[in-house]
Every structure is written in C-alpha cells, then in structure tokens.
Amino acid sequence: MAIRRGRGVAAINYPTGMNLGGDPTQALVHSTPTGNFMVTLSSVDLGQGMKQIMAQICAETIGVPTDRVVVDTADTDTGPHCMGTFASRGTHRAGNAVIQAAKEARQVMLEVAAEELEVNASDLETDGQGNIQVKGAPQKSISIFDVALSAHFKRGRSISGRGMFLIPRSYPEKETGAMKPSTCYAHACTVAEVEVDDETGEVTVLTVKNVFEIGRALNPKMVEQQLVGGSWMGISHALYETTEPYYPNRDHGGTDFNQYLMPGPGDLAQTEIVVLERPSADGPFGAKGPGEMCANPQIPAVANAVFDAVGVRIDTLPITPERILRALKARAAS
Amino acid sequence: MELRKDYFADVRKDGLNEIGQPRPRLDSPGHVTGKTAYFADRNFPGMLHLKMVRSPHHHARIRSIDTSEAEKHPGVVRVLTAKDVPHNIYTILILIQVGPEDETVLADGKVRWKGEAVVAVLAETERAAQEAAAKVKVDYEVLPAVFDMEEALKPGAPLVNEYHGQNYYLYDSGECRKVRFGDVEAGFAQADHILEQSYQSSPIEHAPTETTGCVVAPEGNDRFTCYTNTQAMFFTLDNASIILQMPGSKLHFVGGTVGGGFGGKVDVIVEPIAILGAKLTGRPVSFVYSREEEMQISSPRAAEKVVIKDGVMKDGRIVARKVTGYTDAGAYSRHSPYGAQKGAAHYPGPYTIPNVWIDTYCVYTNRTPSSAMRGFGVTIGDFALEVQMDKLARLIGMDPLEFRFINAYRDGDMKAHRQPTEGAALIECMQEASRAANWPVAEKYMAMSSYRKGA
C-alpha cells in the first residue's frame, strides 16, 4: 500500500457561439452631450464581466478611455435583441455588434469634428485620451467633449450607431452531416499531476498546467479569472461531482453545499495558466470564446494521470475513491 | 498567468489602447461591497411567494388533485393547476423551430420524473406557501419507469413522453444526428489495431452562488415587469409570451448581474408561472428556487454515454473513428436535442482522421430533465476522446503527447463535417504544454506548426 504518483495529458478544442449559428446579437451606441458613450444591449452579465469587456471594446473602437463608456444591459424595454449569454458567445457575438455600432458613432463624431476643425474627416484620428486630431499635425485638435457639445447643440447631429452580428444558420445535411457548426475554435492542452492512495482510493491533484489559445486576451486579468475558475471546475467535475451518486436510487443526492461534493480551497491544485493568442478572423479584435472550453481538458488529464499512477482505468465520471478501489480490487482478483 | 506573445505574433496587432489592457472591472467594487443589486433585492409591498407541489414518483398517472385544504390554509391567495395555464404544453427551442412541444408547465394527467411541478401555491409568506403545498392531495397511479438509456431504446420499454412517441428525439436525419466521412469500415480493415471503449458520466449541478428565480410586478396597465436572473432575456420573454398567450409587448424583462449561470438559467422555468400568478392575483410574485430545488430539481448536465471505436496504425496514425454518443435528456427535451447535435459536430475531436462515422442520440428516460451546462454537448465527449487517445498511445507503445501531434488538425485539413480547418492552434498549445510541464517530445514535433505550408 502506497501513495503513487502519475501524470496525464489532454488536448482539446472548443467552438465559439451557438452550434450551427443563427444566434443574433444587436447593440446600440450613443454619445451623451458631453462625450461619454452609452452602450445599450440586452445581453446578460453572469458575473464573468461582460459589461467591462463591452466597455473596453467600445472604447477602443471609438477611441476614448474605457471609463468614458457606460454599458446599460439586460432590459428588454431598452436593449435590442441578444440571443443570450451561453455557448461561449457573449464576447464574440455582442463584441462584434458593439464594434459595428461604435464604428458608426465614431464616423459621425469625426464628421462633426471635421466641420469644427475645417478639415476632411478622413484626415482625423483619435488619440485614445479623449481628443481628435489631424493626422500628422496633432497640435490641430479638438476634445471629444467639445465635439459632442457641438453635435448636440450646434450641428444637430446624433453621434450614435447601430450594430448587429449574425452568423447565418447552418442546416446539417441529413445523410453526411455536412455542416458549419462554428466559425472559430479555442484550443487547450492540460497536463495534470496526481497522487493516488492505493489503500483509500483518494486522489490528490498536485499540479495542473493549462495552455489555452483563446484568440485574443481582451482583458488579461479577466481572462485569468475565468481560466483559473474553469480549471478548478474541471477538477471538481473529474473527481467529485454528481447529483445522483447511487442512481437510479435517488437517495443521497446533495441538497446543499455540505452534501454536494466539490473541492474546498485545500483540495485545489497548484494551477498554472499559459495563454496563446491566434486571432480569429471574425472575432472582436480576434477574440474567441474560452468560457466553456477552459473547464474541459482537466477532466481527461486527471483521468489519465490516475491511470498513470495506479494502472486502472476509471471510464465513468466522477472518479471517486470507491470506483478506484473497486477497480484495484478487480485487477488484483484477475 | 503568462501571456506568450511570441506565438502567432505575425498575425496579431498588439499595442492597442484599451484592448489587451488589464483594466480593473468597473463592477468589482459593487460586488465586493455588497452594493450590486440582484433580482432578489427587489421587494414590493404585498408580494406573494410561490411554492411548487412536486411529484414523488418517477412516472405516474394523476387520478385526481384536491387543493381544497390548501386553499383554506391561512395566507394562501391562489392555487394554480394545469387548467390555469393558457398554453400549458411547451418546449423552449420552439423559438428556433426545434419541436415538438413536449413539456407541461404544471403536470396534466401525468408526471414523468420525480420532482415534476404539479400544483403552484401562492401565499403571503414563504412559510404559508410551503405549508399549504403540503396539504395538496394528489392521487397517483404509479407507472413503470425507465431509468437507463439503453433500456429506454429497447423495444417494449415504457414510453416516457407521448409527445415524441418513442424514447429518442427524431431528427430530420432519423433517430440520431449523423456524420459520415470517408469509409470507416475500410479504415478499420486497414488498421493495425482496433480499440473499442465505452465511457459514462453522471449528471452534475451548475452550483451557482445565486439560485434560479424571479420577481414579477404588475405595472397596472396590463404590463408585467419580470426581474429575473435568466441568461437569455428575449429567449425567456418570447417563451413566456407563448406559454401565457400574452403579446410580448405586455412583458418587460429586467436582468442585471447574475450570480453565476453556467448554463443552468436558460430553461424558462420560473418566469412564466410567476407572471401568471401575478396576472391572476394582481399582486407581485416571487418565485425563487431553494438550494435543494437548485440541486435536485433544476436541470443538471446530462448523464452521457460515449462509445468510441478506433482503428490505429503502428506509426501512430488514427485511420478510422466511429463514435456513438447518447445524451440522457430525462423526461423532456429542454435543450438536449441541441446538445446531442452539438456533439455530432464536435467529434472526432481536434484530429484529422480520414474515415469517420458519428451517431449522436438524444434519449428520453424518467430521469430529471437535463439541459445546458458549460461545455454543453462537448465536455463528456472530450473526456471520452482524450482518455481514448491515452489508451491508443499506450496500445501502440507511443508517448501520449507525441501521439496527439501525429494526429492533430492543422489549417486546411478537412473535418469530418466537411469544413476545412481554419485558425488551428492545437499544436502550439501542446508545444507550450510540453515546455510548461517539462514533458519533452521529439524535436520534429516542436518544429511543427498549425499553419498550412506556404500560407
């Protein structure tokens, strides 16, 4: 009887957006009289930080700092349609809609600035700090604050834009399954190291090293929070979770967080995250959807590591001490 | 976290002002100081609380329902049964033309899973609603139930859901979604080794911090405002409109920050019945799942079974892969026909295999209805695929990581569903994992690229 160590690897990909497309999202952008920008959506922020990312996307596109952008979302009286926040689609779909709306608003803003500066709009650029200037002659500039005031009270222009993003729906061919499920895929490779006690069947995940390719890390800190959380969820799925531990007997199904098994802080592995960025052709600034993908590769990596440690395959999730001990017993008997 | 900017630097525009910057989240201070408003922070004078009477049986005919004692219970304002729901039989994916309608808002004549909603009680307090719910008398005739997907698919198995007529979802392609690419039997015939293995999973809980729920307020002008933590505002509004036979213009949905979703809040379960309660009583209604309901009543991730048969050559090439996937939808469709179909699109995984055969089934049993969850249609498939990859590598005596390099998809490779691979990055992820985990592979694999030669 001993503590045995093993390691396992898994490599995966994951589609961005609703399978087979057909999932639209719209956005509206408008300027306030003093040059702040409102993004109006009906998308839902699940706590992952959707509003923050939409603000950064709008700010980058308009050419203002992020704190000049306010996101108003999840109200069906004011926000245009969004299919919803699921299928790793929020950033990709809503982000593209926000870019389109913000570009239209930016164009009006530059046209008003051009009138004020008596130049062509195509000769203007934003400095990212809240000013519009002539390309190559930054001393000739006007603040976006002043441009917005002019648009509202002098020029009678609405600095606003409409955005819509839709991947047309694909219908699978009945006999061959020919179809277009998605336009871009995120990728991952995970290596997990475990210790397995072959007397108790208990598994300790020592380290999890995840490499994720996500198109573009729009906000690296938020990417990190999502990827680390996902990695923990993957471990939990591999080793702990079931709502029906003795199915079809429904007794002992967890009804609260005392009974429903999940890893506690002390059970979490040392977690490393490496991020690669291969921009997708149709992602907002190249971003793909990593939200679901990041919780998947740990499961097979841990399963493979358990085999590497003790030489038995557990092909049924979750990989509980009971299942490991039964497999060890069966192997010893054979 | 480490950002490795050296990969794909030639195709990426860095140095933007706002994108790529680790800006602090503008909503964080509200979250960490308890100032962020969630739907349940809405509290209206005269608000009623809704509690459900649920089926204690997996499969039963309802002979009769007696609500008289419950209605007399102090604090009870209204008791709802199937006849009160304008369009009681629904299915949420009808909005994207995935039918038939197969589920009841409140059970009508039959229950098909243990926990199914039968009667809704509206009362002045949660306690009164709970106590009154216990006084509802339902006379059941227990029917044979089927708990296992393989049993459900056998001839003569108890029929779970009459609206389907058989215990599987009927796609336009037949009993399963199919992918056919190359000649899988010819591939097996040429293979040095064949390995067929079966993988299974249990349902799991989304475990959000905030349980599913909504608060509905009548606006006094025939409009109803529904404060909800749904993950999909218009999807929920439009389904509520169908169920309630109420024009969408009469409904106003307000979301906001949700305390975690993970796919568990896209089923449109609480909103329609709460709006109906508000309409019939003229009072605000709160319907919030207890933690027990969240864990044992709301849809979990499906139990799945995946059977993979592979033909592999001694040199490491996989020449044929046949996958049969089974998704246990439980008693009703919800999002499962979509999830099972997503699996068909995902297999055979991120590998280039010349001969592929995929069948994915969405199966009905008398189990708690499953639905969407993070990684829907893919997570269990990836578990099965990647354990299978490990077994194949060991079968031919090859390093498991090197074995994946040999089969990894690259730009331009044709996938089984007949889309050319674009934007691949699996090889680079594995190269970086090799370094990060100190798992050396042969130099030729470290020199590979996902880019197509000459591109």
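Residues are numbered from 1 along each chain as its sequence is written, and chains are lettered from A, with ligands numbered from 1, in the order in which they are written. Because the model is predicted, local features need pLDDT of at least 70 and side-chain atom pairs count only at pLDDT 80 or more, while totals for chains, interfaces and linings use all residues.

**View 1. Overall build of chain B.** Chain B has 13 helices and 18 strands; helices (H or I, at least four residues) and strands (E, at least two) are DSSP runs, numbered from the N terminus. Its C-alpha trace spans about 80 × 65 × 35 Å along the principal axes. The mean pLDDT (the predictor's confidence in each residue, from 0 to 100) of chain B is 97, and 99% of its residues reach 70 or more. The model scores ipTM 0.97 and pTM 0.97.

**View 2. The contact between chains A and B.** Chain A contributes 97 residues and chain B 98 residues to the contact; two residues are in contact if their C-beta atoms, placed from the backbone, lie within 7 Å. Elements of chain A that each supply at least two residues to its side include β1 (3-15), α1 (50-62) and α4 (220-239). The largest share of this side, 7 residues, comes from β1(A). The side of chain A divides into 46 nonpolar, 30 polar and 21 charged residues. Here Ala, Val, Leu, Ile, Met, Phe, Trp, Tyr, Cys and Pro count as nonpolar, Asp, Glu, Lys and Arg as charged, and the others, Gly among them, as polar.

**View 3. Strand pairing across the two chains.** Strand β11(A) pairs in the parallel sense with β1 (residues 2-3) of chain B over 2 bridges; two strands pair if DSSP finds at least two bridges between them. A:V274 stands opposite B:E2 in β1(B).

**View 4. An open sheet in chain B.** Three strands in the order β7-β3-β9 (chain B) form an open sheet with antiparallel pairing. Strands β7 (110-111) and β9 (137-142) stand at the edges, each with a single partner strand, so one side of each is left without a neighbour in the sheet. Strand β3 (residues 60-66) pairs with β9(B) over 6 bridges, and B:A60 has B:V142 as its bridge partner in β9(B).

**View 5. The two domains of chain B.** Domain 1 (48-142 + 207-296) and domain 2 (177-204 + 300-446) divide chain B, with bounds from an automatic or database domain assignment. Their centres, taken over C-alpha atoms, are separated by 38 Å. The contact takes 16 residues from domain 1 and 17 residues from domain 2.

**View 6. Surroundings of B:I358.** B:I358 lies in strand β18 (residues 356-364) of chain B. This residue counts as buried because it has 25 C-beta neighbours inside 10 Å; a residue is buried if 20 or more other C-beta atoms lie within 10 Å of its own, exposed if 12 or fewer, and partly exposed in between, with C-beta atoms placed from the backbone. Residues touching B:I358 include A:G177, B:K178, B:V323 and B:A416, not counting residues up to four places away in sequence. B:I358 and B:R177 are 181 residues apart in sequence and 7.8 Å apart in space, C-alpha to C-alpha.
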